[in-house]
Amino acid sequence: MKCNQKHKFMQISLIVFIVSLFACGARAEDTNEEETVIEDFFICRTCGNDVSVANLAFDKYSPFALSATNHTFTDTRSVLVQEVENPLGIRFHIFLVKQASCIKIQPWTHKSTWFPGYAWKVCVCPKCHTLLGWMFEPVESATAEQHFPTHAGFYALIFQNIITEGYVNSLLMKEKVLRDN
């Protein structure tokens, strides 16, 4: 008799366990949240600080670009790299991202912008203070209180000052396991 009771108890426990698994699985599916996979990190070539992620790169052509080419950063990400020139005649190859890590610096300026309708200021690495590029913000929202670009703004990073973490890891025997942040 005791064996029979234990067997029934185990059957009931198994049924409860299976039902709870399905219930948990259904709740996870109901959220419909997609997991974002980070393609690669853009890091400062000088110090290795994380600057942005490849997922945030996008294309926006500057009418003042001297040339433009597509460059493949990762297996799945190709980015428009543009050559621009400042008023001093210094040329830069830039690519654009929606967000980046920069320090608060100087006010916005409307002079000599590569993107009409946008004000700009420099983007400097928070760790080593290397010039990483520029921040761009629509003229109407580029106020003294606005330190960084809003969702309508963007960052133009200097191609030569940024490398991908995937590239760094390809040079190392062992991948970068611990992040500095």
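A disulfide is a covalent bond between the sulfur atoms of two cysteines. Here, a pair of cysteine sulfurs counts as a disulfide when the two atoms lie within 2.5 Å. Keep that cut-off in mind.

Good morning, everyone. The model above is a predicted one. Let me start with the overall layout.

The protein chain has two helices and 10 strands. Read from the N terminus, the order is α-β-β-β-β-β-β-β-β-β-β-α. So much for the order of elements. The protein chain has 181 residues, and 35% of them count as buried.

Now the cysteines. How many disulfides does the structure hold? One. The partners are Cys102 and Cys123, with an S to S distance of 1.7 Å. Where do they sit? Cys102 is in the loop between strand E6 (91-97) and strand E7 (118-124), while Cys123 is in strand E7 itself, so the bond ties together parts that are 21 residues apart in sequence. Look at the handedness next. The torsion about the S-S bond of Cys102 and Cys123 is about -70 degrees, so this disulfide is left-handed. Are the two cysteines buried or exposed? Cys102 is buried, and Cys123 is buried too.

Other cysteines deserve a look. Remember the cut-off: a disulfide needs the sulfurs within 2.5 Å.

On to the strands. Find strand E1, residues 41-44, and strand E2, residues 50-53. They run antiparallel, and three bridges join them. For one partner pair, look at Phe42: its bridge partner in E2 is Ser52. E1 and E2 make a hairpin, with five residues between the strands. In that turn, Gly48 has a positive phi of about 85 degrees.

E1 has another neighbor. Strand E10, residues 162-164, is joined to E1 by three bridges, and this pair is antiparallel too. Which residue of E10 stands opposite Ile43? Ile163. Cys44, in turn, stands opposite Ile162 of E10.

The three strands form an open sheet in the order E2-E1-E10, with antiparallel pairing. Which strands are at the edges? E2 and E10, since each pairs on one side only. From one strand to the next, the twist averages 35 degrees. One general point for your notes. In a regular strand, the side chains alternate between the two faces of the sheet.

There is a further hairpin to see. E4 and E5 form it, with five residues between them. Strand E4 covers residues 67-72 and strand E5 covers residues 78-85. The two run antiparallel, joined by six bridges. Thr72 has Ser78 as its bridge partner in E5.

Next, charges. Side chains of opposite charge can pair when their charged atoms come close. How many salt bridges does this structure hold? Two. Arg91 takes part in one with Glu85, where the closest N and O atoms are 3.1 Å apart. Arg91 also forms one with Glu83, where the closest N and O atoms are 3.6 Å apart. Glu83, Glu85 and Arg91 are therefore linked in a network of salt bridges.

Glu83 counts as buried, because its relative accessibility is 14%. Glu85 has 34%, so Glu85 counts as partly exposed.

Last stop: the surface. Tyr167, Leu171 and Leu172 make a nonpolar patch of about 320 Å². Where is Leu172? Leu172 lies in the segment after helix H2 (165-171). Its relative accessibility is 42%, so Leu172 counts as partly exposed.

Let me close with a recap. There is one disulfide, and there are two salt bridges. E2, E1 and E10 form an open sheet. And Tyr167, Leu171 and Leu172 make a nonpolar surface patch. Thank you.

Note on methods
Residues numbered from 1 in each chain as written. Predicted model: local features only at pLDDT ≥ 70, side-chain atom pairs only at ≥ 80, totals over all residues. Heavy atoms only, no water. Patch = residues over 30% accessible without salt bridge, like charges linked within 9 Å, V, L, I, M, F, W, Y side chains within 5 Å. Areas by Shrake-Rupley, 256 points an atom, 1.4 Å probe, with all protein chains shown as cover. Salt bridge = Lys/Arg side-chain N within 4 Å of Asp/Glu carboxyl O. Helix = DSSP H or I, 4+ residues; strand = E, 2+ residues; numbered from the N terminus. Buried < 20%, exposed > 50% of the residue type's maximum accessible area, 1.4 Å probe, protein only. Pairing = 2+ DSSP bridges. Axes fitted to C-alpha atoms, helices over the stretch in contact; angles between N-to-C directions.
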